[in-house]
Every structure is written in structure tokens, then in C-alpha cells.
Amino acid sequence: MAIKLVLFGRQGAGKGTQSVLLSKHYGAPHISTGDMLREAVAEGTSFGIQAKTFIESGALLPDEIMLGVITERFGHDDVRSDGFMLDGFPRTVGQAEALLGITAVDLAVNLDVPQDVVLERLSSRRVCGNCGAIYSTAVPPTVPWVCDVCGGEVIQRADDTPEAITARLEAYERDTVPAIAVFAERALLVSVDGLGRPEDVSARLIVAIDTAIS
Ligand code: AMP
């Protein structure tokens, strides 16, 4: 069965990690708009150069641009046959309504982690610049700052600076919390406690999703 899921959560809630696990569990492609934009930045395309300024300041890209990105991705065969696990989209009411205009969504899940916890996680977060594996200053790779998974360099994300973190969390409260409400109004939302070990959180997510869509 092709499942169509959206995962919401504050930056640092563990959305990226959990989306990858859920994507494997349900066999639905993981679509992370943040990853897609970072790839465009790394490739140095004209779109990437444009996106870089927004990303590094922690600001959201305009809805029209993001809708173009997502519409293009939805045209690929894997989405048509296997659904999607959306991570980082939608992030505004405009994006949420546009998404529901182009596709049905089975469920949106809000991965709930309080602001003080994500602040601490984001400032200590480190990521592999090559494969995206996530570490922290408290749980570094075995050999200092060489990725255990691929040998890439483990770095601090350009938008994990205090200024960008503040801007991103403000954008979440101002723009994304109302987007979550769009799904709640349509009885398409469940909330799951995101605190605890990643494996416990994914077990909780799977139970909540299976219960809601059965
Ligand atoms: P993320 O990795 O999901 O935290 O995304 C990193 C950055 O990419 C965000 O802070 C935004 O600048 C940009 N971005 C990703 N997804 C979106 C979106 N749906 N709408 C607007 N900007 C986005």
C-alpha cells in the first residue's frame, strides 16, 4: 500500500532521523526539501546560489519556489507508485493548502519536542557533510570528526548558528504551527511525544500511524 505521510516537528525534534526510519518501514520515498535545497547549494546551480542566502539566515524560501520544487519531485515514478514521507514540507499555510490541492494525504504527524530541548540539541548538533549522518558534541563519531558511516567530514550546519537557530524557531512558531492546524482541522493530525531514544520514538510513531490509518 502506498502511504502518504507528512512529518512536522520543530527543527532538532528528530524529524530527519525519524523520516528516514519511517520511509524504510512503510516503503515510501523520503522527501526532505531541506536536503534537496542543500544538494542544489552543493552543486552550485543558480537555484542553489539563490537558496543559500535563505538557508544560512534561517529564513523560509517563498512558497511559489517550494511548490515548484515539490511539484517536480511528485512527478517522479516512485512517488506515483509508493507515496511519500514528507519531511520539511509544508511549512506554511499556503504550502499546506497547495499540497492538499494536488494530492491526498493519509496522515500528518506532529513530532512534539519542547523548544528548550531542541535549542540544546541544535547547538550541539554536528552532521556529516557528505551523507548527512547526525552526531552531536556529546555523541561524536568514533574518530573525531570523521563520519562512521562514510568517512566524510562531520561539521556544524551553516544554519545551526545561534542567530539562524533563533530565526528558524521563530519561523516555525509563526508559519508552521498554523500549517499544522490545517491538517488538524481536517482530522488528519496525530501528535507523538518525540522525547527519548530514537528507537523508542520510532516505535511510538509507528503505533500512532498504524492506529490512525487502520
Ligand atoms: P530543514 O533541513 O528542513 O530544516 O531545511 C533547511 C532550510 O531550507 C530551512 O531553514 C529553509 O531555509 C529551507 N526550507 C526547507 N524546506 C522549506 C519549505 N518547505 N519552505 C521554505 N523553506 C524551506
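Here are some numbered notes on this predicted model, for someone meeting it for the first time.

1. Ground rules first. Residues are numbered from 1 along each chain as its sequence is written, and since this is a predicted model, local features need pLDDT of at least 70 and side-chain atom pairs count only at pLDDT 80 or more, while totals for chains, interfaces and linings use all residues. Side-chain values use heavy atoms, with hydrogens and water left out.

2. Start with the ligand. It has 17 residues around it, and the closest are Thr33, Arg38, Ala59, Gly88 and Gln95 (a residue counts as near if one of its heavy atoms lies within 4 Å). By class, this shell holds eight nonpolar, four polar and five charged residues.

3. Which helix gives the most to the shell around the ligand? That's α2, with four residues. Both α2 (33-43) and α3 (46-57) supply at least two residues each. Helices here are DSSP runs (H or I, at least four residues) and strands likewise (E, at least two), numbered from the N terminus.

4. Now for the polar contacts, meaning pairs of N or O atoms within 3.5 Å. A polar side-chain atom of Thr33 sits 2.8 Å from a nitrogen atom of the ligand, and one of Gln95 sits 3.0 Å from a ligand nitrogen. Leu61 takes part through its backbone: an N or O atom there lies 3.1 Å from a nitrogen atom of the ligand. On its own the ligand has 480 Å² of accessible area, and the protein covers 96% of that (Shrake-Rupley method, 1.4 Å probe).

5. There's a cavity to look at too. The count is one cavity of 30 Å³ or more, and the largest cavity has about 80 Å³ of space. Its lining has 13 residues, with Gly9, Lys15, Gly88, Arg91 and Thr176 the closest to its centre. A cavity here is a set of points, on a 1 Å grid over the protein atoms alone, where a 1.4 Å probe fits but cannot get out; lining residues have an atom within 4 Å of a point. Points are joined across faces, edges and corners, and the volume is the space filled by probe spheres set on them.

6. What is that lining made of? Six nonpolar, four polar and three charged residues. Strand β1 has the largest share, four residues, and β1 (3-9) and α8 (162-185) each supply at least two.

7. A few backbone spots deserve a look. Phe89 and Pro90 are joined by a cis peptide bond, with omega about 0°, and Pro90 is in the loop between β3 (83-87) and α6. Trp145, in the loop between β6 and β7 (154-155), isn't a glycine, yet its phi is positive at about 20°. Ala187 is another non-glycine with a positive phi, about 55°, and its place is the loop between α8 and β8 (189-193).

8. Buried or exposed: where does Ala187 fall? Ala187 counts as exposed because its relative accessibility is 70%, with the cut-offs being under 20% for buried, over 50% for exposed and partly exposed in between (1.4 Å probe, protein chains only). Trp145, at 32%, is partly exposed. So is Ala98, at 24%, which is found in helix α6 (residues 93-102).

Note on methods:
On a 1 Å grid over the protein atoms alone, a cavity is a set of points where a 1.4 Å probe fits but cannot get out, and a pocket is an open set with protein on both sides within 12 Å along at least five of seven lines; lining residues have an atom within 4 Å of a point. Ala, Val, Leu, Ile, Met, Phe, Trp, Tyr, Cys and Pro count as nonpolar, Asp, Glu, Lys and Arg as charged, and the others, Gly among them, as polar. A polar contact is a pair of N or O atoms within 3.5 Å; within protein, one must be able to donate a hydrogen and the other to accept it, and residues adjacent in sequence count only if both atoms are side-chain atoms.
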